[in-house]
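Subject: Structure handover and notes

Dear colleague,

I am passing on the structure that we talked about, together with some notes on what was found in it. Please keep the structure open beside this message while you read.

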Amino acid sequence: MSRELTVRNIDHCLLERGRIGQSWRDRRWKSLRLQTPNWANGLPAVADPDPDPDGFLLASAFAERLDRYAGLISAPAQEGCEVFAAQVHERGFELATNRGEFVCEALVVATGACASPLVPPIAKTLQDNLLQLTASNYQRPEKLPEGGVLVVGASASGVQIATELQASDRQVILATGNHLRLPRSYRGRDIEWWLEAIGSLDERFDEVDDLLRVRQTPSPQLTGWPQKVDIGALQDRGVEVVGRLTGVRDDVLLFSGGIAHVCMVADLKLSRLCRRIDDWAASNLPSAVFPPAEALKPTPVPQDPRLKLDLNSGEIRTIVWATGYRPDYSWLRLPVFDKHRGQLDHHGGVVTSAPGLYVLGLPFQRRRRSALISGAGPDAHDIAEHLVAGLRSRLAA
């Protein structure tokens, strides 16, 4: 966004609570790699071919890349500047920070969708001697006490953490609800290549029927590691898979018995995607270019999954809540939230109830790729166009 404003000669500043790329540095586990291959993570105005285009960067390495990018585009960043509150001002918006007050005509909120871990209320009712972590403060297996681990959530973070813990010779139980199954590769190409080719990532927010549902789609079971991390592969490695965690009674955790149905739904969605890829390939590519269509096996599910786990048995000593994130807009002292759901009310990143206020980096904000690195540039371009038009309109008035 800073680059888009710079090329339009818009005076601006970039406020960062920590260092540039801070969340990639200290709110990710040490072994985390990006889910997208390097060729898919280009940043606008960077003509620097990656020496390993099909590789996957560590999160810490991507933080360093962001830092270099900020220098390349001369971003006017103020690191260590925390915003406490933003409210309406006669000139637009007034921000209270640890470095004094800022006044601006337009405000872009680029804090993303993963500011705060989303932990279910059940966590507060569990025993004090049980270590509870989230995906944002889990670091590595050696940091955990001896004993088994329950990982709650089987989206991207949950399956990666479960895989790493199982490799450290721990007993691992994975509680899974709705999830999105994707293969790392299909018919000889990375799945990201196919999503690009069929145009899926560029589907717009105003082209889908149920935008709310699409925006709530869980992150796919993908990792930058070479091995699979879906439910079947995890079971092959010795991870015990159970249903969604539904509650606790007398120190006994309760799990849903509907895991077979949940996996069946994930398999059906994957099958539809593969058929779409196959149809596109048949219409656009010579038949000899790629291997033939693959018949992906359905997810194997336990015949008799456990429904209970007694916390007093000592079977597990740690719970990792990989149950997702939510944005933190508590500092926005503005009437810009949906009255029914309490979420920031925006139209493709434009907050219509507060002229001059914008948001970036949310799932399917303007395109399906919006929350990906490759989606930041196109979304920022569109938002900058709207922002500049608004500034000119107010100036003319």
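Leaving aside its neighbours within four places in sequence, Ile 161 is in contact (heavy atoms within 4.5 Å) with Trp 29, Ala 135, Tyr 138, Val 151 and Val 320. Please bear in mind that this is a predicted model, in which local features need pLDDT of at least 70 and side-chain atom pairs count only at pLDDT 80 or more, while totals for chains, interfaces and linings use all residues. Residues are numbered from 1 along each chain as its sequence is written, and side-chain values use heavy atoms, with hydrogens and water left out.

Ile 161 is also one of the residues with the most contacts inside the largest nonpolar core, and Tyr 138, Val 151, Leu 165 and Leu 174 are the others named there. A nonpolar core is a set of buried Ala, Val, Leu, Ile, Met, Phe, Trp, Tyr and Cys residues joined through side-chain atoms within 4.5 Å; buried means under 20% relative accessible area, exposed means over 50%, and partly exposed lies in between, with a 1.4 Å probe and protein chains only. The labels follow DSSP runs numbered from the N terminus, where helices are H or I runs of at least four residues and strands are E runs of at least two.

Which helix gives the largest share of this core? It is α4, with 4 residues. A second, separate core has 20 residues, and among them are Leu 95, Val 336, Leu 344 and Ala 354.

The helix α4 is mostly covered, since 11 of its 12 residues are buried, including Gly 158, Gln 160, Ile 161, Glu 164 and Leu 165. These buried residues pack against β9, β10, α7 and β17 (316–321). The expected span of a helix is 1.5 Å times one less than its number of residues, so the 12 residues of α4 should span 16 Å, and this agrees with the 17 Å between its end C-alpha atoms. After α4 comes Asp 169, which has a positive phi near 65 degrees.

For Cys 104, the nearest cysteine sulfur is that of Cys 13, at 7.5 Å. Cys 263 is buried, with a relative accessible area of 1%, and its sulfur lies 16 Å from the closest cysteine sulfur, in Cys 274, which is too far for a bond.

There is also an open sheet of 3 strands, in the order β3-β4-β5 and with antiparallel pairing; two strands pair if DSSP finds at least two bridges between them. Because β3 (83–89) and β5 (100–104) stand at the edges with a single partner strand each, one side of each is left without a neighbour in the sheet. The pairing of β3 with β4 (residues 92–97) is antiparallel and runs over 6 bridges, and within it Ala 86 stands opposite Leu 95 in β4.

- Arg 366 lies in the loop between β19 (357–359) and α9 (373–396), and at 12% relative accessibility it counts as buried. Beyond its neighbours within four places in sequence, the residues in contact with Arg 366 include Glu 203, His 347, Asp 379 and Asp 382.
- Thr 323 is found in the loop between β17 and β18 (325–326), and it counts as partly exposed at 25% relative accessibility. Thr 323 and Gln 160 are 163 residues apart in sequence, and their C-alpha atoms are 13 Å apart in space.
- Asp 190 belongs to strand β12 (residues 189–190) and is buried, with a relative accessible area of 17%. Not counting residues up to four places away in sequence, Asp 190 touches Pro 37, Phe 56, Arg 184 and Ser 185.

With best wishes

Terms used
A disulfide is a pair of cysteine sulfur atoms within 2.5 Å.
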